[in-house]
Amino acid sequence: MVQLKEKEQKKTEPLKKGSKIVNEKRKMDDDEPNEEDQGPKEKKSKTEGEDGANPTKKERKKERKMKKLNTNFELVEKAKKMWEMLRRDDCTDDTRKTLCRNLFDSVQGKIKQLAFAHDTSRVIECLMKYGNEQQRTAIFNEIKDEIIAMSKSKYAKFVMIKMLMYGTKEQKKKIIEAFYGCYAHLRGDLRCVQ
């Protein structure tokens, strides 16, 4: 019994600085350098090679987008930055008008392509919401031939919803007339809109 109490006391005694730590697997002396004395080790990222020449994850993502978007990559990046400022609540009216004008000038002529993508469809929606009457009319004129295709699209259908919300009476009438005779094709897609 006395031996058991001595062992328990040895286990609970705090280790003093400078004493030798004895472990079943290894012995460590204060004379030998340990991992803590060497300082922090540099961590290598999973994407970097030994020489650091491999691109990082962020760079690879940018390259994939550039390949996918080809000529529109710079336009998309610029439009998304303007959209981010435009949609904020603290944006003043003068700033909003300027941003709408600049955004419309940059995307004009490519609205059909941009409406079908996830991130850029939101840009077009915001432009419909905050743009003036002339900009909305120009957007409608550019996409009026693609109403049915846009209504079937996963992302462009939201642009069509904004058209119905913010368009003129004539524009709304033309959109609804485009649906005549196409209800059977749109039946599944219209459930998602409601």
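In what follows, a contact means heavy atoms within 4.5 Å. Helices (H or I, at least four residues) and strands (E, at least two) are DSSP runs, numbered from the N terminus. The model is predicted, so local features need pLDDT of at least 70 and side-chain atom pairs count only at pLDDT 80 or more, while totals for chains, interfaces and linings use all residues. Residues are numbered from 1 along each chain as its sequence is written, and side-chain values use heavy atoms, with hydrogens and water left out.

**Overall make-up**

The chain has 11 helices and 2 strands, in the order α-β-β-α-α-α-α-α-α-α-α-α-α from the N terminus. Of its 194 residues, 26% are buried (under 20% relative accessible area; exposed is over 50%, partly exposed in between, with a 1.4 Å probe and protein chains only). Of the contacts between residues at least 6 apart in sequence, 57% join residues at least 24 apart.

**The core**

A nonpolar core is a set of buried Ala, Val, Leu, Ile, Met, Phe, Trp, Tyr and Cys residues joined through side-chain atoms within 4.5 Å. The largest one has 30 residues, and Leu103, Val107, Ile139 and Ile143 have the most contacts inside it. Two or more residues each come from α3 (73-86), α4 (93-107), α5 (111-115), α6 (118-130), α7 (133-143), α8 (147-152) and α9 (156-166). The most come from α3, with 6 residues. Leaving aside residues up to four places away in sequence, Val107 touches Leu75, Ala79, Leu114, Ile124 and Leu127.

In α4, the buried residues are Arg96, Leu99, Cys100, Leu103, Phe104, Ser106 and Val107. Seen down the helix axis, they fall within an arc of 160° (taken from the directions from the axis to the C-beta atoms), so they line one face of α4. Asp94 and Lys97, on the other side of α4, are exposed. The cover over the buried residues of α4 includes α3, α5, α6 and α7. After α4 comes Gly109, with a positive phi near 95°.

In α6, Thr120, Ser121, Val123, Ile124, Glu125, Cys126, Leu127 and Met128 are buried. These buried residues pack against α3, α4, α5, α7 and α9.

**Charges over rings**

A charge sits over a ring if NZ of Lys or CZ of Arg is within 6 Å of the ring centre and within 35 degrees of the ring normal. The charged end of Arg96 lies over the ring of Tyr130, 4.3 Å from its centre. For Arg87, the charged end lies over the ring of Trp83, 4.8 Å from its centre.
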